[in-house]
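Keep it brief and say how each term is defined.

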Amino acid sequence: MTTEILAVALKEIRQTRRDPRTLAVLVVAPLMQLILLGFAVNLDVTHVPVVLADADQTAESRAFAEALLAGETFEAVAALPDPEAAAAEVIAGRAAIALIIPPGFAAALRAGRAVDVQALADGSDAQRAVVAQNTLTAFAARWSLAYSAATGQAPRFTQAPVEIRPRVLYNPTLNSRVFFVPGVAATLLLVVTLVVTAMGLAREKEDGTLEQILVTPISSEALMLGKVLPYGLIGLFDLALAVTLGAAIFGVPLRGALPIVGLGGALYMLTTLGLGLFVASAARTQQQAFMGAFFLILPMTLLSGFMSPISNMPAWLQPLTLLDPMRHMVEILRGVLLKGASLADLAPQLLWLAGMGLTVFTAAAVALRKRLA
Amino acid sequence: MSGLRAQGLTRRFGDLLAVDGLDLRVAPGELYGLVGPDGAGKTTTVRLLAGLLRPDAGIIALDRGALGYMPQRYSLYGDLTIAENLTFFGRLFGLSRAERTERAQRLLRITRLARFHDRRADALSGGMYKKLALACALLHRPAVLLLDEPSNGVDPVSRRELWDLLYEFVDEGMAVVLCTPYMDEAARCHRVGLLHHGRRLAEGAPAALVAQLKHPTLRLQTAQRDAAERALATDPAILALSPEGEGLRLVLRAEDQAATRARIEAWGTLEVIRPDFEDVFLALLNDPRSVEAS
């Protein structure tokens with residue numbers, strides 16, 4: 001059994017080494033994607049383009065606008081005298097916020113009267129609009145307090161009797177990259193291992209080599225283990241590289257024990273590699289295998305909680321996500337890297353992966369034997 | 001283990017009955033030819049025997065651990081070299097390094113592939129590729145070897161070498177089932193089964209089958225070969241008709257040969273000739289009882 005597994009594994013390694021394209025798919029592409037996606041998948045709201053319509057044109061109105069734009073959140077793209085023209089900029093998509101300071105802004109402040117500053121937000125990007133709105137409200141309150149204090153007026157805004165002071169654990173700056181990079185790593189591992197094994201076995205079918213193997217005494221389990229072993233090792237290498245790069249480039253912390261990530265990765269790949277074989281045993285050609293793999297990857301990614309929290313999904317859908325191996329891998333990665341979770345904390349996820357991995361792998365072996373005998 | 005035995009082998013593909021109740025018995029040291037036109041069921045039979053297809057009915061008795069199989073289509077790793085392909089299949093058959101090396105060297109020597117050992121399989125000519133495929137199938141010294149049209153797309157020299165290699169192993173006691181549509185190849189087998197529409201029409205040693213043909217074989221000398229062929233093609237009393245040189249080669253139904261001969265002689269002169277294996281086969285397609293039961 002061991003000899004046969006090794007014979008198949010050695011053959012796979014030899015073929016992969018001889019095919020630079022597969023090698024590139026296995027190692028270079030995931031890393032490039034990790035870096036690109038790591039930068040691209042970013043929900044932090046900064047540099048929101050603002051068009052300013054200051055109808056007051058006083059020292060106060062300019063001070064208000066300058067203080068607002070001094071932060072990271074907003075960035076002025078234009079200053080127009082006319083509120084209508086400013087709104088048009090938002091409609092045209094050149095700005096996300098039109099900030100309209102009315103005439104009499106300074107006069108009202110000096111008289112101690114309340115004054116409305118209008119902010120028109122582009123709601124087509126809901127996330128950005130909400131964050132911008134909250135930031136603006138908080139800013140206006142802060143600025144008003146500071147103004148009152150500086151001018152010696154009685155503060156119109158006092159501290160509320162109850163105040164919530166949130167403290168964000170694990171990711172105190174709410175840096176969304178720290179949250180997303182582990183998810184990206186799990187996605188890449190899925191794509192690489194699923195597609196490569198599905199295509200690899202389908203290719204043996206297409207080339208007729210599988211028939212030649214099947215008349216040898218090798219068992220379908222040994223054949224499959226031999227076929228996935230090299231890609232599993234490459235996958236673990238990719239995972240290690242992803243964690244390293246995540247830490248080096250995106251500042252993803254490393255709070256827990258890395259061996260747990262390794263164990264999780266190995267169990268995770270048992271399912272993804274097994275799924276690859278399963279897809280290939282149903283497919284006749286490499287194209288069919290590729291399509292099959294593709295149809296698995298999208299729902300698995302969406303249901304993993306990598307992009308949107310599982311708690312936001314409809315109640316009937318949430319239990320189904322337990323069947324998504326990627327969900328467990330994302331939780332393991334986030335747990336270990338961000339929270340320093342222990343083996344005991346992640347036991348459920350690891351057990352889910354182990355159970356699914358064995359099931360999928362056995363099913364794939366049975367499917368292969370059935371197809372050909 | 002004594003060769004191979006199959007009984008009542010049957011396999012359908014949808015409405016098509018590809019193999020229909022086939023019995024087969026091949027002894028050790030016997031070279032058995034499954035002969036028939038394309039679509040006769042030869043490949044299906046071999047794939048059933050190899051365990052790559054499940055029969056709908058029938059029994060197969062053979063030692064799967066000692067089975068060699070060479071499919072008609074390409075079946076080696078094109079991106080591996082000759083030596084690497086041999087090593088890989090040797091390992092799968094559980095051969096030790098010493099066994100692998102020794103047998104691979106012998107096979108490479110016989111097939112004269114030794115000096116190409118580091119050439120990739122997809123860079124080999126058709127003949128060299130088939131020789132390598134045969135070497136891979138022979139590496140573990142199978143007790144039973146299944147060959148599906150081994151000389152398809154092979155040059156005459158390589159074909160000769162394939163057969164030499166085959167005879168060498170058959171002489172050592174290997175049982176071989178070989179599919180071929182070529183009558184000259186069939187004539188080299190110890191015993192043949194003539195297959196048509198999944199059924200066996202006749203079975204026996206090629207020479208014996210020729211001797212048992214009960215219908216006469218004749219040659220027609222004529223100046224109008226093509227016109228004669230067109231006119232005689234639909235004659236129900238003519239069991240086989242094929243152009244040969246300037247004339248035609250015919251097998252006539254023995255029962256009414258006098259009347260038939262008279263019709264044919266309108267086209268030229270007739271002489272009785274010795275039938276060959278192809279005449280037997282063509283006659284069998286039209287009259288399954290062309291061969292007297294032995």
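The report below covers numbering, domains, interfaces and one hairpin.

## Basis

This is a predicted model, in which local features need pLDDT of at least 70, side-chain atom pairs count only at pLDDT 80 or more, and totals for chains, interfaces and linings use all residues. Residues are numbered from 1 along each chain as its sequence is written, chains are lettered from A and ligands numbered from 1 in the order in which they are written, and side-chain values use heavy atoms, with hydrogens and water left out.

## Domains

Chain A is split into domain 1 (2–42 + 175–372) and domain 2 (48–151). The bounds come from an automatic or database domain assignment. The centres of these two domains of chain A, taken over C-alpha atoms, are 48 Å apart.

Chain B is split into domain 1 (1–63 + 143–204), domain 2 (75–139) and domain 3 (214–274). Between domain 1 and domain 2 of chain B, the centres over C-alpha atoms are 23 Å apart.

## Domain 1 against domain 2 in chain B

Here 18 residues of domain 1 of chain B are in contact with 13 residues of domain 2 of chain B. Contact means heavy atoms within 4.5 Å. The two domains bury about 1200 Å² between them, and carbon and sulfur atoms give 66% of that area. Buried area is the accessible area (1.4 Å probe) that two parts lose on being put together, summed over both. E161(B), L165(B) and F169(B) supply 42% of the area that domain 1 of chain B buries against domain 2, more than any other three residues.

E161(B) also has a charged partner: its side chain meets that of R112(B) in a salt bridge (2.4 Å, N to O). A salt bridge is a side-chain nitrogen of Lys or Arg within 4 Å of a carboxyl oxygen of Asp or Glu. The rule finds four salt bridges across this interface of domain 1 and domain 2 of chain B. It also finds five residue pairs in polar contact there, both residues at pLDDT 80 or more. A polar contact is a pair of N or O atoms within 3.5 Å; within protein, one must be able to donate a hydrogen and the other to accept it, and residues adjacent in sequence count only if both atoms are side-chain atoms.

On the domain 1 side, β6 (144–148) and α5 (156–171) of chain B give two or more residues each. Helices (H or I, at least four residues) and strands (E, at least two) are DSSP runs, numbered from the N terminus. The largest share, eight residues, comes from α5(B).

## Chain B against chain A

Between the chains, 25 residues of chain B are in contact with 26 residues of chain A. They bury about 2400 Å², with 57% of it on carbon and sulfur atoms. In chain B, Y77(B), R91(B) and L92(B) lose the most area to chain A, together 26% of what that side buries.

The count between the chains is four salt bridges. R47(B) and E211(A) meet through their side chains in a salt bridge (2.3 Å, N to O). Twelve residue pairs are in polar contact between chain B and chain A, both residues at pLDDT 80 or more. On the chain B side, α1 (42–50), β5 (67–70) and α2 (82–92) each supply at least two residues. The largest share, five residues, comes from α2(B).

## A hairpin in chain B

Strands β11 (residues 238–244) and β12 (residues 247–252) of chain B run antiparallel and are joined by six bridges. Two strands pair if DSSP finds at least two bridges between them. E244(B) has G247(B) in β12(B) as its bridge partner. β11(B) and β12(B) form a hairpin with two residues between them, and G245(B) in the turn has a positive phi of about 60 degrees.
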